[in-house]
Amino acid sequence: MTTAPPLAPVEVAAKKRPEVTIRGKQVPVILPKWSDPRLKLSATIWAITFLGLFVLHFQVSIPQIAVTVLLCGVTEVVMTYRRDHVLVWPASSLQTGISVAFIFRVAGTEHGDWWSLRGIWLFVLVAALSLIPKYVLRHNNRHIFNPSNIGLAWVLLLIGPSHVFSEHLWWDPLGWRMILAMAVIFGGAFWVLRQVKMIPLALTFLATFFALIALFALFGRTYYATWHPQGPVGGSFYWMTIAMSPELLIFVFFMITDPQTAPKSFEGRLIYAVATATMAALLILVQSTEFGIKVAILSSLVATCAAVPLIDSLGRRIHDRRMGTAAPVRAPAVPFGRRLVTTLRNPVLAAVLIIGIAAPVNTALLGRDKKIQLIERGLTTRKVQ
Amino acid sequence: MSRVDAPVLPEPHAPEAPAAAPGRRALAWLGFVVVLASAVVGSNVFAVRDHLFGTVTPAAAPPAAGRAVGGAPASPDTPTSAVPAAATSLRSSPWWQDVTTLQGSGATSPAPFTIAANALQWRVQWTCSTGHLTVRVPKQAKAVVDGSCPQGAEGYSVQKGPQSLQVTAEGPWKLTIAQQVDVPLVEPPSAAMTAAGTKVAGTGSLYNIDKVGTGKVTLYRQADGGYSVRLEDFFVSPNVDLELRLSSLEAPHSSDEFAAAPNDLVTVMDVTAGSVNYALPAGLDPTKYKSIVVWCVPIKSAYAAATLGGPR
């Protein structure tokens, strides 16, 4: 989810900040500002998490949330201290932690089992796979993947639907609980996105996604979900439970709109939104289960994040053409094959390439696995969620 | 601005890897290998993910065609014309399937039999009349049966495949062999259900209460005046100690609601997936009831139910 730009050491030195002494050294302490959009985002996600815990029957325990959030927070404090020799309030990683805990579920965890440690290692795994790419897979001093998004998508694919899943697409029958949850999501979205100027991106995604999912519903696509034992979800309910899913809205408002991983240019952001929505819809098209659809949504962003440098470049060219500014004269293009070889010689870029390809491909393969339908229909030994 | 004025930029391309210490570079490549390996596991190609982390959807296996191996009838009610059913990943609660019955007298090696490769275990239920009975299987140190006659009991083994027993006895003996499997049982409708004069007395579809239940339920009034019930393409969350009961409620929706209303036992359920037939106990009049419920005795939980509609 939304993360902060890297610290500017000059600025840190220029302003007077509180300090602590560690091993005889004065270490600056950077606390969050009230205007920080990450705090607003955190407040929104925490509010929905509490709603989920106490009103919407989310199957997550307090230790599962606490371990994930603390692990992420402590990791960022240590990493930032090692890199910049300052103690920074880990707003981004706390945000990553709560996002993971909010979405990730371990099969068999019951609602109300507040102190369950069930599958705690899986929460640790998601937290680790969210943070490691943030510090390792970087390009132009920015991390490439949205931390919680890649952690969630990768673990859901790696461990599989027998053991893990993400929070349901549809939380409750339409009633005051859902209206309250939607109000918090939309209110929080407006509060955060207005500040980070990401409303056009979110609306572009939604317009594209809504149209494609409506098309699928019209052509009779259906899916199985544990919360719909009457049979497959189809028709207008198919559209509503995917396009208006609180999970989808949170993904749109608080994941793809992460300024750190989205393209920089306005045009690039619109391309990125359309590409992510189209990728998500195409991956959803081949899914017949809720698990597959949720992974499809997450994986679409993994794929487009890996392509952000290309999208940014395309966005800049469109911007230049639109504004009538001359495009910079470029040196003769390096042949694609040579560029690919150069990329593959760099383990970091090679890993990004593998992740960007494997996430959507493995997600598409979920659509061929008919056994996931048995899980969604509750016809296995896995506890029905 | 003319093109000449524009700055000349290099074509964007993948940056060269910065020169790094050999150890760090090796670590980076190790990380790449981990990413690649996890991508392969995530694809579940060759079921690699299932093997690594386990799965709740085992490999598809053919269901059992009868309560006895080979689909042979366990009771006169069951016809032998079993139709082969498609392989399935559905699994039942483990149940005992008859394999064979062996009889003899004194020490001997009876006819061999085969235990299915997917059997969980097998048992020998034995009786004998005099002396001591010992039954051994090759490659198993401990005797399957080692007891004094004339008592009877059970012995167990987990060996799969062809089995040649070595029986040591001083008198007549009888061994009933059964294997425990968890594949669904797909029985054809019983002879009584397809006989002329048999009528459908009610049908319904299983729905969830505390657990999962799917499939069709058909109640038959047989030509001989008795009743039987068939569960078809059904699945109920696996457990032991399940019972099939008739309820006076039309559509019970909770365990408490079911338990508070009059109900009666149809049968103890050993199989929880497939298509099975049960004869109702003599004297049980199903016309007094409106639904059928899968009931778990130890925890007093109604797993699933079906409203019996249609002619009664």
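Strand 5 of chain B (residues 132-136) has a covered face formed by L133(B) and V135(B) and an uncovered face formed by H132(B), T134(B) and R136(B). The structure is a predicted model, in which local features need pLDDT of at least 70, side-chain atom pairs count only at pLDDT 80 or more, and totals for chains, interfaces and linings use all residues. Residues are numbered from 1 along each chain as its sequence is written, while chains are lettered from A and ligands numbered from 1 in the order in which they are written. Helices (H or I, at least four residues) and strands (E, at least two) are DSSP runs, numbered from the N terminus. A residue is called buried if 20 or more other C-beta atoms lie within 10 Å of its own, exposed if 12 or fewer do, and partly exposed in between, with C-beta atoms placed from the backbone.

Two strands are taken to pair if DSSP finds at least two bridges between them.

The loop between strand 6 and strand 7 (152-157) of chain B contains P150(B). The peptide bond from C149(B) to P150(B) is cis, with omega near 5°.

Chain B as a whole contains four helices and 20 strands. Of its 312 residues, 37% count as buried. Among the contacts in chain B with a separation of 6 or more, 69% are accounted for by residues 24 or more positions apart, where a contact requires the C-beta atoms of two residues, placed from the backbone, to lie within 7 Å.

Strand 16 of chain B (residues 242-247) is mostly covered, with five of its six residues buried. Six bridges join strand 16 to strand 17 (residues 263-269) of chain B in an antiparallel arrangement, and L244(B) has T267(B) of strand 17 as its bridge partner. Strand 16 of chain B is likewise joined by six bridges to strand 19 (residues 291-296) of chain B, and these two strands run antiparallel. In that pairing, R245(B) stands opposite V293(B).

Helix packing was examined in chain A. Two packed helices are described by the angle between their axes and the distance between the axes. Axes are lines fitted to C-alpha atoms, for helices over the stretch in contact, and angles run from 0 to 180 degrees between N-to-C directions. Helix 11 (residues 266-285) and helix 13 (residues 308-323) of chain A pack at an angle of about 130°, with their axes 7 Å apart. Helix 11 of chain A is therefore oblique to helix 13 of chain A; angles under 35 degrees count as roughly parallel, over 145 as roughly antiparallel, 65 to 115 as roughly perpendicular and the rest as oblique. The crossing of these two helices is right-handed, a crossing being right-handed if the near helix is turned clockwise from the far one by less than a right angle, and left-handed if anticlockwise. Among the residues making the contact are I271(A) and Y272(A) of helix 11 and I311(A) and L314(A) of helix 13. The residues of this contact divide into seven nonpolar, three polar and three charged. Ala, Val, Leu, Ile, Met, Phe, Trp, Tyr, Cys and Pro count as nonpolar, Asp, Glu, Lys and Arg as charged, and the others, Gly among them, as polar.

Helix 11 of chain A also packs with helix 12 (residues 290-306) of chain A, at an angle of about 145° and with the axes 8 Å apart. This crossing is right-handed. Residues of helix 11 including Y272(A) and A275(A) meet residues of helix 12 including I297(A) and L301(A). The contact comprises 11 nonpolar, four polar and no charged residues.
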